[in-house]
Amino acid sequence: MIERRSYARRMLEVELPVLLIVLFALGPYAWMILTSLKPQVELSAWPLNYWPREATLQHYNDLIARTSFASSLGNSLIIAIGASVLGLGVSIPAAYAFSRFRFRGRQMLLTGFLVINMFPVVLLIIPLFLMMRRLGLIDTFLGVILGHSTFAIPFAIWMLTSYFNAIPKDLDEAATIDGASRLQTIRLIILPLVMPGVATAGIYIFITSWNEYLFAMMLSGQAVRTVTVALQLFIGEFTIQWGLLTAGGTLIALPVTFLFLLVQRRLVGGLTAGAVKS
Amino acid sequence: MADGTGGGRISGPRPSPSFRQVGIVASLTPADRRRPPLGRGATPFWFLLPAVLITAGVVLVPVAQTAWLSLQDYLLYDPDNARFVGLGNFAKIIRDEVFWISLGQSFIWIVGVVGLQFLLGLVAALLLNQSFWWRGLARSLVIIPWALPSVIIGLMWTWMYDFNLGVINDIALRLGLIAAPIAWLARPDTALYAIMLALIWQGFPFFAVTILAGLQTVPAELYEAAEIDGATARQQLFYVTLPSIADVIATALLLRTIWVANSLDVILVMTGGGPGYATHTLPLYAFLRASSSMEFGYGAALALILTAMLLGVVFLYVRRAARGIEA
């Protein structure tokens with residue numbers, strides 16, 4: 001559109017509405033952080049005072065000292081890293097094959113991986129629980145990681161296939177002619193180029209696994225309880241201790257917010273094309 | 001993020017062949033070029049095996065088992081007495097009043113959440129496509145709700161809806177919108193809509209970002225031509241912008257419908273389906289029958305019905321998405 005609006009008019013028509021939308025988007029998040037910083041007396045004051053008069057980290061101290069939240073953070077970290085490693089480990093070769101080989105059933109298989117990502121969680125969660133119990137994998141890291149691979153693998157395959165496709169096949173051919181074996185070509189030529197995509201896919205799997213609740217709840221117990229499950233249990237346990245709850249929420253949310261801002265630009269391209277799950 | 005560009009420094013894949021590599025390709029003799037194209041004859045079997053194996057184990061086998069479970073009267077605490085009941089579970093579902101309540105509420109849920117997420121996302125995208133100095137920052141900030149886990153979303157909104165100390169009651173009272181505090185999540189007539197607002201909040205950034213990406217592909221000449229022809233801003237929106245991004249919108253709507261139809265964790269965290277059955281949706285009901293009542297057979301049958309209902313939407317979406325696969 002041709003720039004001819006006055007500055008004041010643009011403020012009113014664009015910047016003000018954008019500001020409102022940004023406030024709407026950030027309001028609940030900011031409210032959670034503010035709550036976590038208020039001392040208990042301020043939390044029970046009515047009418048509310050919005051800005052903490054005496055900000056305190058007491059709730060964070062209590063959370064770490066009095067509950068098992070810290071070990072849940074560790075569990076979530078292990079599971080999210082495990083899901084990323086497993087997801088990437090099997091998806092990189094598969095995506096390479098989808099990009100570089102032409103074989104019978106290729107389109108069907110690739111479409112299949114997309115359809116899988118559309119299955120309702122409830123459809124999988126009931127039998128997965130039974131299966132993990134039979135295999136003795138309930139309440140183990142591997143059990144939850146395998147549960148998370150139901151969405152991690154299809155997503156990573158779709159995302160990485162498009163990244164592999166973006167690398168010209170001439171490069172493979174040139175390397176082959178230079179005498180490189182297929183594995184050498186992959187290791188020395190293709191993988192370094194596809195690394196940004198691998199990092200994005202890995203971070204995204206990490207975020208989804210860290211955020212995931214239903215699989216973690218069904219498949220974990222005391223031993224490998226994740227932060228989301230722990231927080232949900234706290235909601236039942238410490239109903240009125242909103243300082244403690246919001247401190248937990250903030251500790252869970254901050255790392256993924258940071259990671260998400262890191263990868264968001266590159267996710268956008270794959271959004272409609274692929275299987276980015278929210 | 002001080003420069004307001006968010007993650008803008010990281011760009012897409014840039015396959016940049018080095019000068020040496022290009023040189024090699026260029027110096028090929030015609031005979032060399034006649035080598036068989038890469039990949040023909042070689043087998044991708046070993047590359048695909050791990051992914052296919054794991055996926056079959058954690059997805060296909062469970063789906064088959066769900067189908068099998070749905071034909072049984074399978075109670076988790078009493079698996080040895082599981083009986084084959086044929087379509088008995090499905091017959092029971094048809095007569096199950098809660099199923100029909102959940103189905104109706106699922107419908108409200110999907111239409112309301114997806115519809116408003118879309119409208120809000122469209123408005124946000126149109127605004128964020130204008131130029132102003134903090135646009136990059138605004139684009140990064142708006143997207144944040146999307147990154148949050150459902151448990152946190154449930155937590156923050158439950159706290160905001162709190163009867164005694166909730167900020168929503170506080171603001172509404174200060175503005176004079178309500179006369180007395182409302183127990184938003186405890187009243188059957190407000191609970192479902194209250195949760196829907198939380199989910200609209202979480203999901204509108206997806207539409208905003210997707211539509212914004214679509215808007216950026218609309219050629220500027222179209223607007224210039226429209227302007228020369230004397231089109232108003234409104235006409236430009238309806239006759240240039242929207243038709244140009246119709247494809248993006250359709251794909252996003254389909255994808256979002258599938259996710260919203262399947263999503264149950266925010267409801268589970270905020271009300272657990274109550275009060276009464278006021279916030280039951282179909283996936284939540286299936287989950288509760290399985291996890292709380294431990295009726296795995298009945299839950300599986302409900303999950304299958306949900307899947308069957310979504311199949312049409314999934315088909316439409318996958319057909320669009322799979323267009324991108326090169327043969």
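D139(A) sits in the loop between α6 (121–134) and α7 (141–165) of chain A, where helices (H or I, at least four residues) and strands (E, at least two) are DSSP runs numbered from the N terminus. The model is predicted, so local features need pLDDT of at least 70 and side-chain atom pairs count only at pLDDT 80 or more, while totals for chains, interfaces and linings use all residues. Residues are numbered from 1 along each chain as its sequence is written, and chains are lettered from A and ligands numbered from 1 in the order in which they are written.

Although D139(A) is not a glycine, its phi is positive, at about 60°. Most residues other than glycine have a negative phi. D139(A) counts as partly exposed because it has 16 C-beta neighbours inside 10 Å; a residue is buried with 20 or more other C-beta atoms within 10 Å of its own, exposed with 12 or fewer, and partly exposed in between, with C-beta atoms placed from the backbone.

In chain B, M294(B) lies in the loop between α14 (282–291) and α15 (296–321). M294(B), a residue other than glycine, has a positive phi near 60°, and is partly exposed, with 15 other C-beta atoms within 10 Å.

Chain B holds 15 helices and two strands, and 40% of its 327 residues are buried.

The contact between the chains draws on 91 residues of chain B and 98 residues of chain A, two residues being in contact if their C-beta atoms, placed from the backbone, lie within 7 Å. Helix α3 (residues 45–69) of chain B gives the largest share of the side of chain B that touches chain A, 13 residues.
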